[in-house]
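This briefing accompanies the sequence and the model shown below. Please read it with the structure open.

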Amino acid sequence: MARRFLERVQNWFSQLGGQKSGAAPDKPRIIPRDEHNISRQNISESAKKVLHRLNRSGHEAYLVGGGVRDLLLGGHPKDFDIATNATPDQVHELFRNSRLIGRRFKLVHVLFGREVIEVTTFRGSPKDAENDPHIDVNDQGRLLRDNFYGTLEEDAVRRDFTVNALYYDIRDFTIHDYTGGVEDLHNRQLRLIGDPMTRYQEDPVRMLRAVRFAAKLDFTIAEDTAQPILEMSHLLEDIPPARLFEEVLKLFTAGQGETTYRMLQRFDLFAPLFPEPTKAIAEGEPDGIIHCALASTDRRVSENKPITPYFLYAALLWPALQQAWRQEEAETEQPAYQALQQAAGETIQNQTQATAIPRRFSTPMREIWELQLRLGKRSGKRADKLMEHPRFRAAYDFLLVREEAGENTEGLGAWWTEYQDADADRRREMISALGGGGKKRSGRKRRKPRRSDS
């Protein structure tokens with residue numbers, strides 16, 4: 001059904017006399033129910049409740065954004081967002097199960113158990129941006145505050161990409177397209193609305209969103225949208241590290257992490273996010289572990305298995321850690337473990353200047369790194385004690401990823417794989433085979449020599 005809908009788009013555009021995608025329209029292109037594939041059965045019941053209540057209360061309300069985009073592509077959206085002309089306070093008053101959030105631009109979350117329906121008021125464009133108290137722009141053109149309500153038409157052109165600016169009206173089941181988003185869906189193309197350089201200056205994170213959506217949807221990025229990214233990627237250095245941490249998780253935990261990594265490298269967007277790993281890779285450190293860890297994460301996402309941000313960060317920062325570790329050993333002549341601890345601290349501290357790493361992730365990440373050294377020390381009871389460590393399984397998985405990436409660990413991965421499944425007798429044999437470490441020390445304490453009375 002989705003394919004038939006997209007095949008009709010070209011005819012539909014020629015009949016209407018299509019205009020360039022992303023441009024502000026004179027009027028919307030309205031697609032009737034019999035010319036698109038969205039079915040109410042595929043829309044969340046919670047989202048439909050919010051839409052109907054807003055409409056019955058005299059407000060305009062539309063399903064918008066990724067939900068409409070994914071439905072038109074034949075997918076199953078995880079989230080449903082709604083745009084309305086009701087103010088946040090009016091929405092909050094209508095739904096007792098809601099809460100107001102946001103500072104720059106207030107919006108409402110309507111809660112249905114674990115499901116959250118996000119409701120935003122139509123955003124507008126000020127008539128006089130320089131003197132409007134709702135607008136705050138820094139010297140680089142980045143929007144710091146933009147709390148201005150508007151109409152549906154204004155809201156459409158304020159959105160980022162054309163394919164995210166499609167509105168579904170549940171009252172008559174029509175789709176409203178103000179920016180040529182349906183045509184770009186047909187062409188599997190991602191295009192910014194408005195002038196790309198201006199939009200990136202307003203919010204540099206849009207460059208990351210362009211890569212993320214292109215990887216997720218398997219779309220190409222339109223030439224006019226892609227061209228400015230290389231020369232503007234440095235603007236990400238001015239984004240707060242806490243916000244970039246959240247963006248990194250979105251980039252690498254959606255199931256297309258390895259593709260995303262390649263695209264970030266291509267557009268020079270990995271460097272502002274991970275400056276030290278980028279430097280280490282440029283100086284010869286291999287990045288195979290990043291590819292392998294992201295590929296493993298992608299598989300786990302596709303299999304609905306849990307993933308852990310600290311494991312990802314451990315791999316993303318591994319090239320920088322390796323370089324810092326060797327340098328620490330060479331310059332200070334510290335033992336390997338102390339040098340590793342010092343290098344880990346420096347690597348994390350440097351990274352937090354680019355993207356914040358909450359302690360709940362940085363602590364287990366350090367433990368994974370430190371366990372890579374300890375996994376090689378298996379004599380006596382050390383192996384059994386290591387298996388009791390709460391981060392052992394993650395460290396073992398990290399060891400296997402290192403080996404998959406081509407690192408020589410002298411067979412540690414195979415040894416630990418067998419040891420975990422072996423019975424007690426076999427484990428004793430494996431420890432003994434290491435040489436010397438399997439011998440048990442006598443339980444008798446050595447007597448101190450008696451002091452002579454003479």
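The model is a predicted one. Among its features are a count of 23 salt bridges and a count of 16 aromatic pairs, and Arg378 is a buried residue that has no salt bridge.

**Arg378**

- Arg378 sits in the loop that runs between α19 (359–374) and α20 (382–387).
- Although Arg378 is buried, no salt bridge is found for this residue, and the nearest side chain of opposite charge, that of Glu410, is 6.6 Å away; the cut-off for a salt bridge is a nitrogen-to-oxygen distance within 4 Å.
- The side chain of Arg378 does reach a backbone atom, namely the oxygen of Gly376, at 3.5 Å.
- When neighbours within four places in sequence are left aside, the residues in contact with Arg378 are Ala383, Leu412, Trp415, Trp416, Ile431 and Leu434.

**Helix α17**

- Helix α17 spans residues 318–332, and its 15 residues reach 21 Å from the first C-alpha to the last, close to the 21 Å expected at 1.5 Å a residue.
- Its buried residues are Trp318, Pro319, Ala320, Leu321, Gln322, Gln323, Ala324, Trp325 and Glu328, and these pack against α14 (275–282), α15 (288–302), α16 (309–316), α18 (336–351), α19 and α21 (392–404).
- The residue that follows α17 is Glu333, whose phi is positive, near 55°.

**Salt bridges**

- Glu285 and Arg326 meet through their side chains in a salt bridge, with N to O at 1.9 Å; Glu285 lies in the loop between α14 and α15 whereas Arg326 belongs to helix α17, so the pair ties together parts that are 41 residues apart in sequence.
- Within this pair, Glu285 is buried, with a relative accessible area of 10%, while Arg326 is partly exposed, with a relative accessible area of 46%.
- A salt bridge also joins Asp384 and Arg427, whose closest N and O atoms are 3.7 Å apart; because Asp384 lies in helix α20 and Arg427 in helix α23 (residues 424–433), the pair ties together parts that are 43 residues apart in sequence.
- Asp384 is partly exposed, its relative accessible area being 34%.
- In the salt bridge between Glu418 and Arg426 the closest N and O atoms are 2.8 Å apart, and Glu418, at 36% relative accessibility, counts as partly exposed, as does Arg426 with a relative accessible area of 33%.
- Asp184, Arg191 and Asp224 are linked with one another in a network of salt bridges.

**Aromatic pairs**

- The structure holds 16 aromatic pairs; in one of them, the rings of Phe270 and Phe274 have centres 5.0 Å apart and planes at 20°, so the pair is stacked.
- Phe270 counts as buried at 1% relative accessibility, and Phe274 is buried too, with a relative accessible area of 0%.
- For Trp416 and Tyr419, the ring centres are 5.8 Å apart and the planes are at 75°, so this pair is edge-to-face.
- Trp416 and Tyr419 both lie in helix α22 (residues 412–421), three residues apart, which is about one turn of the helix, and both are buried; Trp416 is also among the residues in contact with Arg378.
- One aromatic cluster is formed by Phe245, Tyr261, Phe270, Phe274, Tyr313 and Phe361.

How values were computed. Residues numbered from 1 in each chain as written. Predicted model: local features only at pLDDT ≥ 70, side-chain atom pairs only at ≥ 80, totals over all residues. Heavy atoms only, no water. Helix = DSSP H or I, 4+ residues; strand = E, 2+ residues; numbered from the N terminus. Buried < 20%, exposed > 50% of the residue type's maximum accessible area, 1.4 Å probe, protein only. Lys, Arg positive; Asp, Glu negative; His and termini not counted. Polar contact = N/O pair within 3.5 Å; in protein donor to acceptor, adjacent residues only side chain to side chain. Contact = heavy atoms within 4.5 Å. Expected span 1.5 Å × (residues − 1). Phe/Tyr/Trp six-rings, centres within 6.5 Å; stacked < 30°, edge-to-face > 60°.
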